[in-house]
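Here is a friendly briefing to read alongside the structure.

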Amino acid sequence: MDPQSLQAVLGQAQAFFASKGLRFTKQREALVTLIFRNDEHFRPEDLLPKLSKAHAVSRATIYRTITLLVESGMLREISLGGGERLYDPNFLRSPHHNHLVCVDCRKIIEFEDPNIDVMQNCITRRLGFSPTQKALRIEGSCDRLHLLGSCPNHKGRKKVVRSPRR
């Protein structure tokens, strides 16, 4: 994220925290900066080692801040099933993106398609809904694992050999 956009995000976060009667501390600022500087999906526990010792952010502050960012709509939670959750900071820049999730290696690919937006709008109107949030997640197996029997994202799991698709 460019510096100007990051400043806007920090201002938005600060305003949201103030609206809740909460201080936007240096630790929270460092955390929000870390989260929105990258485009990567993350787990809360991934953030602790990435924060500098100068900010001394506790695990509790990380979880509380993430919860507040989700509540504000700045951050989205993605459920991968089995209780596994990731957080996606990309909805501010790209609010209509969707996800492909590999069920074998857990790789996530973001994509946008105007046809999906049209289809979702048609469906919600036809069924009498005014959506407040839309998300599409397609789960499947990545082609690399199917074709080669291995995938560089396939961490710590057995090599899977599958029959070719028809």
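Two residues are in contact when they have heavy atoms within 4.5 Å of each other. With that in mind, 49% of the contacts in the protein chain with a separation of 6 or more are between residues 24 or more positions apart. Please keep in mind that this is a predicted model.

**The chain as a whole**

- The protein chain has 6 helices and 5 strands.
- Along the sequence, these elements follow the pattern α-α-α-α-β-β-β-β-α-β-α.
- Of the 166 residues in the protein chain, 35% are buried.
- The protein chain has an accessible surface of about 10700 Å², and carbon and sulfur atoms contribute 52% of that surface.

**The sheet**

- Three strands make up an open sheet: the 3 strands come in the order S4-S3-S5, and their pairing is mixed.
- S4 and strand S5 (137-140) are the edge strands, each pairing on one side only.
- From one strand to the next, the twist averages 20°.
- Strand S3 (residues 98-102) and strand S4 (residues 108-111) run antiparallel and are joined by 4 bridges.
- S3 and S4 form a hairpin with 5 residues between them, and Arg 106 in that turn has a positive phi of about 70°.
- S3 and S5 also pair over 4 bridges, here in the parallel sense.
- Which residues does Val 101 meet in the two neighbouring strands? Its bridge partner in S4 is Ile 108, and in S5 Val 101 stands opposite Glu 139.

**Cys 102, a residue of strand S3**

- Cys 102 lies in strand S3.
- Is Cys 102 buried or exposed? Cys 102 counts as buried because its relative accessibility is 4%, and the cut-off for buried is under 20%.
- Leaving aside neighbours within four places in sequence, Cys 102 is in contact with Lys 107, Gly 140, Ser 141 and Cys 142.
- Cys 102 and Ile 138 are 36 residues apart along the chain, while their C-alpha atoms are separated by 8.6 Å.

**Leu 10, a residue of helix H1**

- Leu 10 lies in helix H1 (residues 3-19).
- With 6% relative accessibility, Leu 10 counts as buried.
- Not counting residues up to four places away in sequence, Leu 10 touches Phe 24, Glu 29, Val 32 and Thr 33.

- Glu 29 and Lys 26 are 3 residues apart in helix H2 (residues 26-37), so about one helical turn separates them.
- Within this pair, Glu 29 is partly exposed at 29% relative accessibility, whereas Lys 26 is exposed with a relative accessible area of 60%.
- Glu 139 counts as partly exposed at 42% relative accessibility, and Arg 137 is partly exposed with a relative accessible area of 38%.

**A nonpolar patch on the surface**

- Which residues form the nonpolar patch on the surface? Met 119, Ile 123, Leu 127 and Phe 129 form this patch, and together they have about 410 Å² of accessible area.
- Ile 123, one of the patch residues, has its place in helix H5 (residues 114-126).
- Ile 123 is partly exposed, with a relative accessible area of 34%, so this residue passes the patch cut-off of over 30% relative accessible area.

How values were computed: Residues numbered from 1 in each chain as written. Predicted model: local features only at pLDDT ≥ 70, side-chain atom pairs only at ≥ 80, totals over all residues. Heavy atoms only, no water. Patch = residues over 30% accessible without salt bridge, like charges linked within 9 Å, V, L, I, M, F, W, Y side chains within 5 Å. Areas by Shrake-Rupley, 256 points an atom, 1.4 Å probe, with all protein chains shown as cover. Salt bridge = Lys/Arg side-chain N within 4 Å of Asp/Glu carboxyl O. Buried < 20%, exposed > 50% of the residue type's maximum accessible area, 1.4 Å probe, protein only. Pairing = 2+ DSSP bridges. Axes fitted to C-alpha atoms, helices over the stretch in contact; angles between N-to-C directions.
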